[in-house]
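The sequence and structure come next.

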Amino acid sequence: MLIQLANILGGALLAAPFIIRYVTHTSIDSFFKRISLYQAEIGVGVLLIGFLALIERLGIFFFNINLGSSFPQALPAIAVGLLLGYPLLKKFGFLESIVSSLERHKVAIGLAAIVVGVGSLLFGCVSPIGCPGGAIYYSI
C-alpha cells in the first residue's frame with residue numbers, strides 16, 4: 001500500500017496546476033502551497049520507493065516490507081520521483097537528459113500516477129477480484 005500512496009501524493013504534486021484549474025477550493029490550493037515546500041524531498045522518497053518496488057518485483061531482492069508493488073506502480077513512481085526530486089538530484093549529471101525528456105509530459109505522468117495508485121487501491125488486493133485468494137485471505 002506504500003507505493004500506491006506514494007504514487008497518489010507524487011502524482012498530485014505533479015498534476016497540481018491541472019487539479020487546481022478544475023477543482024477550485026481554497027483548502028486544496030492551500031494544501032498544494034504547503035506541500036510544495038517539500039516537493040524535492042517527497043520526490044526523492046517516491047523515487048526510492050519506486051526503485052525498491054522495481055527491484056522487489058523483478059525478483060532481484062526481497063525487502064521485508066509490504067510495498068504492494070507491481071510494474072505499473074513502480075514505473076510511474078520512478079518517473080514522478082525523478083521529476084519532483086530533480087532539484088536534489090542535480091549532482092547526478094546523467095539524469096538531466098532523462099528529466100528534460102520527462103518534463104514535457106509532467107501533468108500526464110502525474111495524472112497517470114494518481115490513476116494507477118487509486119486503481120490499485122480499489123481493484124488490487126482490496127477487492128476479492130484482484131486477489132487470488134480473495135481479500136479475506138490477505139487479512140489473516
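This is a predicted model: local features need pLDDT of at least 70, side-chain atom pairs count only at pLDDT 80 or more; totals for chains, interfaces and linings use all residues.

## Contacts of L82

Leaving aside neighbours within four places in sequence, L82 contacts L47, L89, L95, I98, V99 and L102.

## Packing of α5 and α6

The axes of α5 and α6 lie 10 Å apart, and the two helices pack at an angle of about 125°. Angles from 65 to 115 degrees count as roughly perpendicular and those over 145 as roughly antiparallel; α5 and α6 are therefore oblique to each other. Their crossing is left-handed.

On the α5 side, the residues that meet α6 are A79, L82, L83, Y86 and L89. Their partners in α6 are L95, E96, I98, V99, L102 and E103.

## The buried face of α6

Helix α6 spans residues 95–103, and its buried residues are L95, V99 and L102. Seen down the axis of α6, these buried residues fall within an arc of 65°, so they line one face of the helix. An α-helix has 3.6 residues a turn, so residues three or four places apart point the same way.

The cover over the buried residues of α6 includes α5 (71–89) and α7 (106–123). L95, V99 and L102 are also among the contacts of L82.

Methods:
Residues are numbered from 1 along each chain as its sequence is written. Side-chain values use heavy atoms; hydrogens and water are left out. Buried means under 20% relative accessible area, exposed over 50%, partly exposed in between (1.4 Å probe, protein chains only). Helices (H or I, at least four residues) and strands (E, at least two) are DSSP runs, numbered from the N terminus. The arc is that of the directions from the helix axis to the C-beta atoms. Contact means heavy atoms within 4.5 Å. Axes are lines fitted to C-alpha atoms, for helices over the stretch in contact, and angles run from 0 to 180 degrees between N-to-C directions. Angles under 35 degrees count as roughly parallel, over 145 as roughly antiparallel, 65 to 115 as roughly perpendicular and the rest as oblique. A crossing is left-handed if the near helix is turned anticlockwise from the far one by less than a right angle, and right-handed if clockwise.
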